[in-house]
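The stops below are given in the order in which they may be selected.

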Amino acid sequence: RSSPDVIGQAPTTSYQRTTYEFPDGTRIGARLFGLALLRYLHDQAKSESSLVPPDKVVVLGTSGSAWDNLVAEIAASAPNLPTLVSRQAEPTGVARTDLAPFVDLVKTALASRHGVTQVALEIIPYSFETTEQISFIRLIASHVSRGDYMTFDVTNGFRHLPLVSITAASVVERLTGAVRAGTWYGAHDHPRRWSERIAPVVKLDGLDQIGEWLGALAEFDADGSYGRFGRLLKRDGLPHKSATMLRDA
């Protein structure tokens, strides 16, 4: 989940290496939380047979994101990196075509470390306007198929993008039939980060579950169907027999 810096190809802005602490106490150091999360999920799958490690990674960033930090963090060498650095310094920032030369490099690195078979580097709009927010959702949906399990890292310096991301996750789940396996946030700006040099990791699955309850309530309001409550109540501790009776009723 981390690799040597690219010597002589300094990124425009260097993210600080941070120790991220997950809810179960696992600590992983990385400059980019997404890479720490990928390593965590990969390790979890190795220790728990019921879990499947991620096989596809979609990196979403704006034209002004520090894309060079991603390349420098995972690649031992990247001949085209100076060009990417210069593009980031321009007012228009980075375009999708600027990232194309690095897709295979990132894929090779993640494949060797975590068994990832597919990688996409995508430029997203800043999502200030409704049309841009819808475009963001469509982009995520284009990478998802029915039956896929989706894990979201919503960490971002822009405070509004995590909100858009969580909404996008709900919409994509409903439209594509994919399953949301987890939503994570690396709290780099948490006070603990400065006092103990550790950034806590927040798992936002509770928000996902609230969304499921709202969906069940909407179905109940529409046609009086309460079968969906059985599965939700079982997850929250209702005995299996009682949940089955509720569903059958």
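Begin by selecting strands β5 and β6, which run parallel and are joined by five bridges. Strands count as paired if DSSP finds at least two bridges between them; strands (E, at least two residues) and helices (H or I, at least four) are DSSP runs, numbered from the N terminus. Within this pairing, Tyr 149 stands opposite Val 179 of β6.

The model is a predicted one, in which local features need pLDDT of at least 70 and side-chain atom pairs count only at pLDDT 80 or more, whereas totals for chains, interfaces and linings use all residues. Residues are numbered from 1 along each chain as its sequence is written, and side-chain values use heavy atoms, with hydrogens and water left out.

Next, display the side chains of β5, residues 149–153. In a regular strand, side chains alternate between the two faces of the sheet. Here Met 150 and Phe 152 make up the covered face, while Tyr 149, Thr 151 and Asp 153 make up the uncovered one.

Now select Trp 184, in strand β6 (residues 179–186). Is Trp 184 buried or exposed? With a relative accessible area of 5%, Trp 184 is buried (buried is under 20%, exposed over 50%, partly exposed in between; 1.4 Å probe, protein chains only).

A search of the whole structure finds eight aromatic pairs; rings of Phe, Tyr and Trp (its six-membered ring) pair if their centres lie within 6.5 Å, and planes under 30 degrees apart count as stacked, over 60 as edge-to-face and the rest as tilted. One of these joins Phe 22 to Trp 184: the centres are 5.7 Å apart and the planes at 65°, so the pair is edge-to-face. Phe 22 lies in the loop between β1 (18–21) and β2 (27–30), 162 residues from Trp 184, and both residues are buried.

Tyr 40 also pairs edge-to-face with Trp 184, because the planes stand at 70° with the centres 5.7 Å apart. Tyr 40 belongs to helix α1 (residues 33–47), so this pair ties together parts that are 144 residues apart in sequence. At 7% relative accessibility, Tyr 40 is buried. To see the whole aromatic cluster, select Tyr 20, Phe 22, Phe 33, Tyr 40 and Trp 184 together.

Finally, move to Asp 68 in helix α2 (residues 67–74). The side chain of Asp 68 makes a polar contact with that of Asn 69 at 3.1 Å (N or O atoms within 3.5 Å, one able to donate a hydrogen and the other to accept it within protein; residues adjacent in sequence count only if both atoms are side-chain atoms).
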